[in-house]
Amino acid sequence: MTTTEIKTNDRTTTEATTDRANPATPRLNFAKAAPKVFRAVIGLDAAAREGLDPALVELVQIRASHLNRCAYCLHMHTTDARKAGESEDRLLMVAVWHEADHFFTDRERSALALTDAVTRIGDAGVPDEVYARAAAHFDEEELAHLLALIFTINTWNRIALSTAKRAGTDER
């Protein structure tokens, strides 16, 4: 919670405002408010994962969640990755994968680079070299699924952040 000082007519008052990252009041339940949309995102998510290595799926989701600062999704996907046997070292290194690339295979690094570019698409688009690197490690169908996975986790991050989902609640 933060406070804001407001100066009016030579008088300063302090007003409590909510921290944007941790709103004081719960927001709407997206799944209940828009069930068809929610089910459509679930369907896209399930379809995107098909044919991709589950460990790679979690790494991509963790990386996008780092970039989007989505604590809810980050907690959920690191928990899922641990349950699937992912090492603590690799989970900790996802946030700094550029500097710790020896923790990841070439294929994983190309997927993480593509995740960075697509998630931050407004910065520089998806550079040709990033796309070509991913295309060298994934066939066309896999690449399409990887892109869909990145689109989906970015959507989930935006849903969780916009509706103030709290990390650790794991409400699926």
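Author: A disulfide is a pair of cysteine sulfur atoms within 2.5 Å of each other. By that criterion the structure, which is a predicted model, holds zero disulfides.

Reader: Why is Cys70 called buried, and why Cys73?

Author: The cut-off for buried is under 20% relative accessible area. Cys70 has 2%, so Cys70 is buried. Cys73 has 4%, so Cys73 is buried as well.

Reader: What share of the chain counts as buried?

Author: Of the 172 residues in the chain, 37% are buried. The chain exposes about 10200 Å², and carbon and sulfur atoms supply 53% of this area.

Reader: What makes up the secondary structure, and in which order?

Author: The chain has nine helices and two strands. From the N terminus on, the order is β-β-α-α-α-α-α-α-α-α-α.

Reader: Which residues have the most contacts inside the largest nonpolar core, and what makes a set of residues a core?

Author: A set is called a nonpolar core because its members are buried residues of the kinds Ala, Val, Leu, Ile, Met, Phe, Trp, Tyr and Cys, joined through side-chain atoms within 4.5 Å. The largest such core has 27 residues, and those with the most contacts inside it are Val60, Leu114, Leu143, Leu146 and Leu149. Helices α3, α6 (106-119), α8 (128-137) and α9 each supply at least two residues of this core. Another core lies apart from it, with eleven residues, including Tyr72, Cys73, Trp156 and Ala160. In soluble globular proteins, nonpolar side chains tend to be buried together.

Reader: Which residues does Leu143 contact, leaving aside its neighbours within four places in sequence?

Author: Leu143 is in contact with Leu114, Tyr131, Ala134, Ala135 and Phe138, once those neighbours are left aside.

Reader: Is Ile150 buried or exposed, and how do you know?

Author: Ile150 has 0% relative accessibility. Buried means under 20%, so Ile150 counts as buried. Ile150 lies in helix α9 (residues 140-162). Apart from neighbours within four places in sequence, Ile150 contacts Val60, Leu114, Thr115, Val118 and Thr119. The C-alpha atoms of Ile150 and Ala64 are 7.4 Å apart, although 86 residues separate the two along the chain.

Reader: Gln61 is in which helix, and is Gln61 buried or exposed?

Author: Gln61 is in helix α3 (residues 54-68). Its relative accessibility is 1%, so Gln61 counts as buried, the cut-off being under 20%. Not counting residues up to four places away in sequence, Gln61 touches Asp45, Arg49, His77, Leu149 and Ile153.

Reader: What share of the contacts with a separation of 6 or more is between residues 24 or more positions apart?

Author: Such pairs account for 61% of those contacts in the chain.

Reader: Why is the pair of Arg63 and Asp116 called a salt bridge?

Author: A salt bridge needs a side-chain nitrogen of Lys or Arg within 4 Å of a carboxyl oxygen of Asp or Glu. The closest N and O atoms of Arg63 and Asp116 are 2.6 Å apart, so the pair qualifies. Arg63 in helix α3 and Asp116 in helix α6 are 53 residues apart, and the pair links distant parts of the chain. Arg63 and Asp116 are both buried. Side chains of opposite charge can pair when their charged atoms come close.

Reader: How many salt bridges are there in the whole structure?

Author: There are seven. One of them joins Glu88 and Arg82, at 2.8 Å from N to O.

Reader: Why are Glu88 and Arg82 called partly exposed?

Author: Buried ends at 20% and exposed begins over 50%, with partly exposed in between. Glu88, at 38%, therefore counts as partly exposed. Arg82, at 39%, does too.

Reader: What makes Arg107 and Glu142 a link between parts of the chain?

Author: Arg107 forms a salt bridge with Glu142, the closest N and O atoms being 3.2 Å apart. Arg107 lies in helix α6 and Glu142 in helix α9, so the pair ties together parts 35 residues apart in sequence. Arg107 has a relative accessible area of 28% and is therefore partly exposed.

Technical notes:
Residues numbered from 1 in each chain as written. Predicted model: local features only at pLDDT ≥ 70, side-chain atom pairs only at ≥ 80, totals over all residues. Heavy atoms only, no water. Helix = DSSP H or I, 4+ residues; strand = E, 2+ residues; numbered from the N terminus. Buried < 20%, exposed > 50% of the residue type's maximum accessible area, 1.4 Å probe, protein only. Contact = heavy atoms within 4.5 Å. Areas by Shrake-Rupley, 256 points an atom, 1.4 Å probe, with all protein chains shown as cover.
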